[in-house]
Amino acid sequence: MTDSTIIYTHTDEAPALATYSLLPIIEAYASKAGVEVETRDISLAGRIIAAVSDLLPEDQRAADALAELGELAKRPEANIIKLPNVSASVPQLKAAIAELREQGYDLPDYPEDPQTDEERDVRARYDKVKGSAVNPVLREGNSDRRAPASVKNYAKGHPHSMGAWSSDSKTDVATMGVDDFRSNEKSVTLASDDTLRIELVGDDGSTTVLKESIPVLAGEIVDATSMNVAALREFLAAQVAQAKADDVLFSVHLKATMMKVSDPIIFGHVVRAFFPKTFAEHGAALAEAGLSPNDGLGGILAGLDQVANGADIKASFEAELADGPRLAMVDSDKGITNLHVPSDVIVDASMPAMIRTSGHMWGPDGQEADTLAVIPDSSYAGVYQVVIDDCKAHGAYDPSTMGSVPNVGLMAQKAEEYGSHDKTFEIPTTGTVRVVNAAGDVLLEHTVAQGDIWRACQTKDVPVRDWVKLAVNRARATGDPAVFWLDETRAHDAQLIAKVNEYLGEHDTDGLDIRIMSPVEATKLSVERIRQGLDTISVTGNVLRDYNTDLFPILELGTSAKMLSVVPLINGGGLFETGAGGSAPKHVQQLVKENYLRWDSLGEFFALVPSLEQYATATDNPKAQVLADALDRATASFLEHDRSPGRRLGTIDNRGSHFYLALYWAQELAQQTDDAELAEVFGPLAQKLSDAEQTIVDELAAVQGQPADLGGYYQPDPEKAAKIMRPSTTFNEALASF
Ligand SMILES: NC(=O)C1=CN([C@@H]2O[C@H](COP(=O)(O)OP(=O)(O)OC[C@H]3O[C@@H](n4cnc5c(N)ncnc54)[C@H](OP(=O)(O)O)[C@@H]3O)[C@@H](O)[C@H]2O)C=CC1
Ligand SMILES: O=C(O)CCC(=O)C(=O)O
Ligand SMILES: [Mg+2]
């Protein structure tokens, strides 16, 4: 590997499968231009193995590729293509460990209730792999996510179907508004470098240090807040009753992956609230058996066989299911509910999918229905309520005319605590949590009760300054209004607004329309402009970056897969994310069932263009630039000819779409006149692929319809996966002989 090598990440689920087909094409083409591409395994399975590598036999060990890339991301030569990866919930982590053990890896079990030092060590290592453990490490820059013009135009010309909205829809969002993270937030900006400590002073006089030492820098914003669990429980019980009274589906939308400490706890409270009698009667037995509602109903039901009166408990769950409101379903055929797995329904993707489908989710009867979408914390729930109200008032959006809401998101250096959560605690005893500096001054404090969820959060100054610059640049490049989604009545946002105002002063903003509005007002403005076909840049903090880059693309383009998602790294170099969505587990199920992969790799294509451009500049290699330019034009042809995978058997899938990209890319390289050598090399390949088009498409289509055995879910057998993902002998031979 040289300094400039392009690193293509090997991740999980659908994008990992797509990589088996796409990467050989990229490698073959890149090699002709002297472009080096290497992979690094940052999949969940790979990270688990790396985390306990020293405990494994020699031949099973693996280096920590994520740590390596984390270091690389801080260097100006970084050129990383980052595909979506699983941010694992506890059930996923356990499943991945079990699978690896079955494959012969000598891994320790996930210690449920660690007792010895050894178990505590293993648990700590596994917990580091849990949740959003990859993105915050690599995201050493802020985020620029938008629909490329070609994609937006394609969507306008080929509008995806949108479920109609009616003004009498009963769909709504329910949120707390009081006693939650938003309303309890306190925030300070540090005047100088310092070291903070978090301590809990119990009403019984005890002092527990929750976090010993947090180094902070001058200009850093530190917040703390808490969720009052008694209020949460009351709220949840009321929503269950409300959904029943209104005869709508009950659904909860959290981010148990990214908010890996707080949200599984909240999820557990939702499960308890839906089954109050069962937990009152059998809660102790379930806890005794290690069956936690935080891991979802699915895990509890699966574990009841091992519980003494398991059959009674199961009957109790069933009775309350029948008695309560209809529960929204993840898979009604298989009986998987919204409460089965904490990572099945993730708010960023689940809310827009609901809004795209008439405000409906799937009910137990397999039919769509209105739903009460419960989003307990009120920080951002209002955004969805505005969109829902707008759809009720004006009907569904029209993808053929609607404007766009691109995003400039603050995320560098784990801004706003994205994914780290080493400062979130479930409070063990009633008292006061204090954030104290080195001099002993109390900077922030909250009165808390046992079971409350308290969290602190950091936002460094350098990322904020860079984010403001990025926003101004995007506003200048597009001429569109740029709106900072910040609420002056919220503690953290008020601190951020002061900085935004200060740093805007560093730029020429003459003639630009830059505003600061609360998330609710910003949403109102953005959707009003959307209906007029106008674009509005959303400049947001980290959580809204996540939410908005699914919400608007899913409404505008039908999916967030087609987004350009660039992270200009603060120290130079680039992280090129592929699309704005996740790893699409449903797509893997479809592949296993019928050997059809509907994953769209447009995000990968879009990421590769700027990555090659950066390589060209960094290595002074004009051939890499030719490759990039040709790929850019090939992607336009790809869209024009509608070569994205269809949803169903019989159309081309991910593999067919890769063939067409290879064809168009080779044709563009053959036709270009900037580099005669490349034109000569790619001419015959373009001819060969073009001549064999029908044969290759037929060979690819021939495998559809049969089950496919990947030899593993979290770690497929590489040979099996490659075979499944590259079933066209003609295409493989064309690439091999090239
Ligand atoms: N950057 C990252 O690393 C991210 C990782 N994740 C992780 O991804 C996993 C799944 O998350 P989930 O909330 O279900 O969100 P996903 O975005 O993975 O999936 C939701 C739906 O989006 C559609 N979709 C997403 N990407 C594509 C694509 N490239 N081509 C076609 N359709 C696509 C699919 O819709 P349809 O079924 O209609 O085809 C899919 O079912 C989780 O483990 C989560 O932690 C999530 C977000 C970002
Ligand atoms: O890191 C994660 O867990 C999810 C990331 C995500 O959803 C996003 O970046 O849009
Ligand atoms: Mg997201």
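Me: Let's start with E14. How much of it is buried?
Reply: 5 of the 7 residues of E14 are buried, so "mostly covered" is the description. Buried means that 20 or more other C-beta atoms lie within 10 Å of a residue's own; 12 or fewer is exposed, anything in between is partly exposed, and the C-beta atoms are placed from the backbone. Helices (H or I, at least four residues) and strands (E, at least two) are DSSP runs, numbered from the N terminus.

Me: What are the ground rules for this model?
Reply: It is a predicted model: local features need pLDDT of at least 70 and side-chain atom pairs count only at pLDDT 80 or more, while totals for chains, interfaces and linings use all residues. Residues are numbered from 1 along each chain as its sequence is written, and chains are lettered from A and ligands numbered from 1 in the order in which they are written.

Me: Back to E14. Which strands pair with it in the parallel sense?
Reply: E5 (residues 172-174) runs parallel to E14, joined by 3 bridges. E10 (residues 249-252) is also parallel to E14, over 4 bridges. Two strands pair if DSSP finds at least two bridges between them.

Me: Which residues face each other there?
Reply: Ala174 has Val374 in E14 as its bridge partner. Phe250 is opposite Leu372 in E14.

Me: And what about E13?
Reply: E13 and E14 run antiparallel and are joined by 3 bridges. Met361 is bridged to Ala369 in E14. The two strands form a hairpin with 5 residues between them, where Gly366 has a positive phi near 80°.

Me: Next, H14. Which of its residues are buried?
Reply: Val347, Asp348, Ala349, Ser350, Met351, Pro352, Met354, Ile355 and Arg356. That makes 9 of the 10 residues of H14 (residues 347-356).

Me: What covers them?
Reply: The cover includes strand E13 (360-362), strand E14 (368-374), helix H15 (381-394) and H19. Contact here means C-beta atoms, placed from the backbone, within 7 Å.

Me: What comes after H14?
Reply: Ser358 follows H14 and has a positive phi, near 60°.

Me: Change of topic. Which residues does the UniProt "binding site" annotation cover?
Reply: The UniProt record, an unreviewed entry, puts "binding site" on Arg145 and Arg545. They are spread over 401 residues of sequence but cluster in space, with a largest C-alpha distance of 8.7 Å. UniProt positions are given in the numbering used here, feature names are shortened, and annotations may be inferred rather than shown by experiment.

Me: Where is Arg145, and why does it count as buried?
Reply: Arg145 is in strand E4 (residues 143-146). It counts as buried because it has 25 C-beta neighbours inside 10 Å. Leaving out residues up to four places away in sequence, Arg145 touches Pro406, Asn407, Gly409, Thr549, Met563, Ser565 and Ala580.

Me: How does E4 pair with E23?
Reply: E4 and E23 are antiparallel, over 3 bridges. Arg145 has Ser565 as its bridge partner in E23.

Me: And what is on E23's side with E24?
Reply: E23 is joined to E24 (residues 574-578) by 5 bridges, and the two run antiparallel. Val566 is bridged to Phe576 in E24. These strands make a hairpin with 5 residues between them, and Gly572 in the turn has a positive phi of about 100°.

Me: Is E23 enclosed or open?
Reply: 4 of the 5 residues of E23 (residues 564-568) are buried, so it is largely enclosed by the rest of the structure.

Me: Last, the ligands. Which residues come nearest to ligand 2?
Reply: Of the 11 residues around ligand 2, Ser87, Ser132, Asn135, Met258 and Asp546 come nearest. A residue is near if its C-beta atom, placed from the backbone, lies within 6 Å.

Me: And ligand 1?
Reply: Ligand 1 has 22 residues around it, with Ser87, Ala561, Gly581, Gly582 and Asp600 coming nearest.

Me: Why is ligand 1 said to lie between domains?
Reply: Because domain 1 (6-140 + 569-736) and domain 2 (172-181 + 228-394) both give residues to its shell. The domain bounds come from an automatic or database domain assignment.

Terms used: Two residues are in contact if their C-beta atoms, placed from the backbone, lie within 7 Å.
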